[in-house]
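Subject: Handover of a structure and the findings on it

Dear colleague,

Please find below the structure that I am handing over to you, together with its sequence. I would ask you to look at it before you read the findings that follow.

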Amino acid sequence: MKQSPRLKRLLDLVIMNQRDARPRWYVRLLAPLYQQRGRGSKIYCSVRMDTPPYRRFTLGRNSVVESFSCINNAVGDVVIGDYTRIGLHNTIIGPVSIGHHVNLAQGVTVTALNHNYADTTRRIDEQGVDTQPVTIADDVWIGAGAVVLPGVTIGQHSVVAAGAVVTNDVPAFCVVGGVPAKIIKRLSDVNA
């Protein structure tokens with residue numbers, strides 16, 4: 001594929017609806033055949049699954065993607081661990097790795113994608129996109145309306161406050177909040 005851009009473009013046209021930026025209806029019908037879903041996992045029927053087969057989508061055991069969420073792996077894999085809850089109306093745009101026992105409240109956005117815009121002689125929609133993977137470790141809670149931006153890693157047993165915009169890595173055992181998110185409390189100090 002990498003040696004033949006024309007073949008790649010043709011395959012992309014067959015799989016993806018370019019106007020809607022999502023897999024074509026007949027590809028979505030086949031999604032249960034190429035998506036990996038663990039035992040006891042659930043994806044509500046109102047979830048928009050923009051998961052073409054050329055990228056990985058994995059949902060772990062006993063994990064849930066709640067209603068009106070959007071999962072998009074068109075530009076990078078989306079891997080969700082076991083016993084994890086993706087709350088109501090969340091948006092996840094890969095490449096994103098979410099650990100085990102993670103809770104995302106309602107209205108959370110986790111995106112690894114940015115549009116390029118630096119060339120002022122070209123329209124932004126002509127400049128393509130850039131991705132930087134997002135990693136959310138095990139045992140994390142992200143509050144309602146929070147936004148996690150490209151390239152961020154959130155450490156184990158951390159909490160992101162509601163409405164926070166996470167632009168930098170979050171160490172393990174911390175509570176962060178604000179715009180941009182800053183450390184509010186270190187949980188390791190609480191238990192000492």
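Two strands count as paired if DSSP finds at least two bridges between them. Strand β9 (residues 78-80) and strand β12 (residues 96-98) run parallel and are joined by three bridges, so they pass this cut-off. Within this pair, valine 78 has valine 96 of β12 opposite to it. Please keep in mind throughout that the model is predicted.

The sheet

β9 and β12 belong to an open sheet of six strands, whose order is β3-β6-β9-β12-β17-β20 and whose pairing is parallel. Which strands form the edges of this sheet? They are β3 (36-37) and β20 (153-154), each of which pairs on one side only.

Is threonine 58 buried or exposed? Its relative accessible area is 15%, and buried means under 20%, so threonine 58 counts as buried. Leaving aside residues up to four places away in sequence, threonine 58 touches Gln36, Val78, Val79 and Ile80.

Proline 95 and the cis peptide bonds

Proline 95 is found in the loop between β11 (91-93) and β12. A cis peptide bond, with omega of about 5 degrees, joins glycine 94 to proline 95. With a relative accessible area of 17%, proline 95 is buried.

Another cis peptide bond runs from valine 179 to proline 180, with omega near -5 degrees. Proline 180 is located in the loop between β23 (174-177) and β24 (182-186).

Strand β23 and its partners

β23 pairs with strand β21 (residues 159-160) in the parallel sense, over two bridges. In that pairing, valine 159 stands opposite valine 175 of β23. β23 is also joined to β24, by four bridges, and these two strands run antiparallel. Here valine 176 faces isoleucine 183 of β24 as its opposite residue. β23 and β24 form a hairpin with four residues between them, and glycine 178 in the turn has a positive phi of about 100 degrees.

In a regular strand the side chains alternate between the two faces of the sheet. In β23, Cys174 and Val176 point one way, while Val175 and Gly177 point the other way; all of them are buried.

Where does phenylalanine 173 lie? The loop between β22 (165-166) and β23 holds phenylalanine 173. Its phi is near 60 degrees, a positive value in a residue other than glycine. Phenylalanine 173 is partly exposed, at 34% relative accessibility. Asparagine 62, which is not a glycine either, has a positive phi of about 55 degrees. Asparagine 62 is placed in the loop between β6 and β7 (64-65), and with a relative accessible area of 35% it is partly exposed.

The aromatic pair

The structure holds one aromatic pair. Why is the pair of tryptophan 25 and tyrosine 26 called edge-to-face? The ring planes stand at 80 degrees, and planes over 60 degrees apart count as edge-to-face. The centres of the two rings are 5.6 Å apart. Tryptophan 25 is exposed, with a relative accessible area of 56%, whereas tyrosine 26 is partly exposed, with 35%.

The largest pocket

The largest pocket contains about 810 Å³ of space. It is lined by 23 residues, and those closest to its centre are Asp12, Met16, Tyr54, Ala74 and Val75. At least two lining residues come from each of α1 (5-15), β1 (16-17) and β15 (113-115). Which element gives the largest share of the lining? That element is α1, with five residues. By type, the lining consists of twelve nonpolar, five polar and six charged residues.

Yours sincerely

How values were computed
Residues are numbered from 1 along each chain as its sequence is written. This is a predicted model: local features need pLDDT of at least 70, side-chain atom pairs count only at pLDDT 80 or more; totals for chains, interfaces and linings use all residues. Side-chain values use heavy atoms; hydrogens and water are left out. On a 1 Å grid over the protein atoms alone, a cavity is a set of points where a 1.4 Å probe fits but cannot get out, and a pocket is an open set with protein on both sides within 12 Å along at least five of seven lines; lining residues have an atom within 4 Å of a point. Grid points are joined across faces, edges and corners, and a volume is the space filled by probe spheres set on the points. Ala, Val, Leu, Ile, Met, Phe, Trp, Tyr, Cys and Pro count as nonpolar, Asp, Glu, Lys and Arg as charged, and the others, Gly among them, as polar. Buried means under 20% relative accessible area, exposed over 50%, partly exposed in between (1.4 Å probe, protein chains only). Contact means heavy atoms within 4.5 Å. Rings of Phe, Tyr and Trp (its six-membered ring) pair if their centres lie within 6.5 Å; planes under 30 degrees apart count as stacked, over 60 as edge-to-face and the rest as tilted.
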